[in-house]
Amino acid sequence: MYLSREEERALDGELGPGLQLAMRILVKLGDLFGAERLLPIRSAHVSGVSYKTVGDVAIGFLEELVEMGARASVPATTNPCGFDERLKAILDLPDEVVAAQERLVDLYSELGLLRTLTCVPYYQLRPEEGSHLAWAESSAVVYANSVLGALTNREGSPSALAAAIAGRTPDYGLHRPENREPGLLVDVLFNPRDELELWALGFLVGQVAGDAVPLLRGLRGLPDWELKGLGASMASGGMTAMFMLEGGRPRPRGPLRELEKLQVGREDLSDVMDKLSSPGEPDMVFVGCPHCSREELELIARLLKGRRTERPLWICTSRHVRASCPEAVRALEASGALVVVDTCVVVSWVERLGVDLVATNSPKAAYYLPGLSGVQVRLASLGECVELACSRS
C-alpha cells in the first residue's frame with residue numbers, strides 16, 4: 001500500500017502512539033482487501049456504544065487509546081447507548097451497569113467523538129454527495145450510499161474509530177466506482193400497501209443479494225423515512241451496503257450489463273414475516289429502528305391525535321430530531337407515548353421490564369431483539385402499531 005510521508009510518520013509512531021495504533025489497524029485492513037492507498041474522509045460514525053453489546057473489553061480498549069493520546073481528527077458521531085436518563089430509572093439497572101455505560105460514553109467523548117448517540121447521524125451532520133466516509137452501523141451505511149450518494153464501506157466499530165482518529169480509510173470496496181454498479185435486478189411485482197410490506201421486501205432482497213448492489217424496479221415516490229427503513233431491512237437480511245432504485249439517485253454509470261434477475265410478488269413476503277414475526281398480544285409497542293425522523297414523529301402524532309395509549313409505546317429518536325419538533329413531541333407524550341433518545345430498544349435492557357412480546361414495524365428490530373434480549377416480536381405496520389398501543393390487552 002502506498003503511504004504518503006505523513007502517513008508513514010504516523011505509522012512509525014512519530015506522531016504519537018494513539019495515531020500509530022489507528023494507522024496499524026487501517027493498513028492491516030487495507031492489505032487484507034488489496035487497497036493501494038488510504039483516502040481522506042469527511043466523517044466517521046462509530047458503533048459499539050451500548051455496554052450491553054460490547055461489555056468491559058471495549059472500555060479497556062478505549063481507556064488504552066485515551067492514555068495513548070488518541071483523538072478524532074474528523075467529525076465523528078456515535079451510535080445509541082443502552083439507555084437515556086428516563087430509562088435508567090424505568091429499567092432499574094444495577095449501579096455497576098449504569099456506571100459502566102456512562103464510562104463508555106465518556107471515553108468516546110474524551111476521544112473527541114460527538115455524543116450524538118443515534119443511528120441516524122445524517123439528520124444532524126449530513127454528508128455531501130460524493131464524500132468519502134468511514135461509517136459503522138449497517139442502517140446508516142446503506143442510507144449514506146443509497147440515498148445521500150456518499151461513499152462508505154460497512155465498517156466495524158474498531159475500523160470506524162481508527163478512521164476517525166487517522167482521518168483516513170483504505171480505498172477499497174464501495175469507495176471504488178466500479179464496485180458501486182448494480183449486480184442484481186429486482187422486479188417488484190406489487191405496490192407495497194404500507195411500510196411494513198416495503199421493509200419486508202427489503203429484508204428478502206438482503207437475503208438473496210449477497211454482496212451485490214441490488215437495483216429495484218417498480219418502486220416510485222418513496223418518502224425519506226421509508227427509504228431509511230428499506231435500507232435498514234436489507235442490511236439486516238444480509239450484507240447489503242448499497243441499493244439503487246430505478247429512476248432514482250445514485251444511478252448506474254452506464255448501460256446495465258447482463259444482471260442476475262429476481263422477481264418478487266407480495267406472496268413472496270410470507271416466509272419473511274413467518275420467520276420474523278410471532279403471534280400474540282404485545283406487552284409494549286416500539287417504533288424507531290432506525291431512529292425516527294421528524295417526518296415520522298409528526299406522522300405518529302397525527303395518528304395519535306385525540307387518543308390515549310393503553311400499552312407502553314416507546315418512540316426512539318435522536319436528541320437532534322426531538323429538539324427539531326417540540327410540538328409533535330409534546331403531543332406524543334400527552335397521549336402517553338414515551339419519546340426516547342440516546343438509545344434503542346434493541347440495544348437496551350428491555351427484558352428487565354418482564355416483556356415477552358414487543359410489537360414493532362421494524363424487521364431489523366425483529367431480527368435482532370430475540371437474540372439480544374430473548375424478547376419475541378410481532379411485526380405490524382405503523383398504523384397497526386398505534387392501534388395496538390391504544391387498545392387494551
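So, Val287: its bridge partner in β11 is Ile315. And keep in mind that this is a predicted model. That pair belongs to a parallel pairing, where strand β10, residues 284-292, is joined by 4 bridges to strand β11, residues 313-317.

Okay, zooming out to the sheet. We've got 5 strands here, and the sheet is open, with parallel pairing. Reading across, the order goes β12-β11-β10-β13-β14. Which strands stand at the edges? Those are β12, at 338-341, and β14, at 376-379. Each has a single partner strand, so one side of each has no neighbour in the sheet. On average, neighbouring strands are turned by 30° against each other, if you ignore direction.

Now look at what lies across that sheet. Helix α14, residues 363-373, goes over β10, β13 (that's 357-360) and β14, and runs at about 165° to β14.

Helix α3, residues 51-67, packs with helix α5, residues 95-110. How far apart are their axes, and at what angle do they pack? The axes are 9 Å apart, and the angle is about 45°. The crossing of α3 past α5 is left-handed.

Who makes the contact? From α3 you have Tyr51, Val54, Ala58, Ile59, Leu62, Glu63 and Val66. On the α5 side there are Val97, Ala100, Gln101, Arg103, Leu104, Leu107, Tyr108 and Glu110.

Definitions and conventions. Residues are numbered from 1 along each chain as its sequence is written. This is a predicted model: local features need pLDDT of at least 70, side-chain atom pairs count only at pLDDT 80 or more; totals for chains, interfaces and linings use all residues. Side-chain values use heavy atoms; hydrogens and water are left out. Two strands pair if DSSP finds at least two bridges between them. Helices (H or I, at least four residues) and strands (E, at least two) are DSSP runs, numbered from the N terminus. Axes are lines fitted to C-alpha atoms, for helices over the stretch in contact, and angles run from 0 to 180 degrees between N-to-C directions. Contact means heavy atoms within 4.5 Å. A crossing is left-handed if the near helix is turned anticlockwise from the far one by less than a right angle, and right-handed if clockwise.
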